[in-house]
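Please take a look at this protein model.

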Amino acid sequence: MDVIHEVHVSEPGLVVVDIAAADDETAFAFHAALAAMWAITTVERASRGPGRLGVRLRCHLDLRQPLKP
């Protein structure tokens, strides 16, 4: 995973979310569940570490906006 830059958490309510899952489908399903409630960055692909099980993805979440119904 890349370094978390200060701009990503520069204000209260900004969150960096690292998702680790067994497979792409699970990771993207969780991302979609977050996106259904909050403003979140899009993610096009999950990363796989050499010699590591599962996949990881990172997104940036904005909790300052009201929850979506």
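Predicted model: local features only at pLDDT ≥ 70, side-chain atom pairs only at ≥ 80, totals over all residues.

Residues are numbered from 1 along each chain as its sequence is written, and side-chain values use heavy atoms, without hydrogens and water.

Q: In what order do the three strands form the open sheet?
A: Strands are DSSP runs of E, at least two residues long, numbered from the N terminus. Two of them pair if DSSP finds at least two bridges between them. The pairing is antiparallel and the order is β1-β3-β2.

Q: Which residue of β3 stands opposite A39?
A: β2 and β3 (residues 55-62) pair in the antiparallel sense over two bridges. Opposite A39 stands D62.

Q: Is D62 buried or exposed?
A: Buried means under 20% relative accessible area, exposed over 50%, and partly exposed in between, with a 1.4 Å probe and protein chains only. D62 has 14% relative accessibility, so D62 counts as buried.

Q: Which residues is D62 in contact with, leaving aside neighbours within four places in sequence?
A: Contact means heavy atoms within 4.5 Å. D62 lies in strand β3. Its contacts are G13, L14, W38 and A39.

Q: How do the residues lining the second largest pocket divide?
A: Ala, Val, Leu, Ile, Met, Phe, Trp, Tyr, Cys and Pro count as nonpolar, Asp, Glu, Lys and Arg as charged, and the others, Gly among them, as polar. The division is five nonpolar, three polar and three charged.

Definitions and conventions: Helix = DSSP H or I, 4+ residues; strand = E, 2+ residues; numbered from the N terminus.
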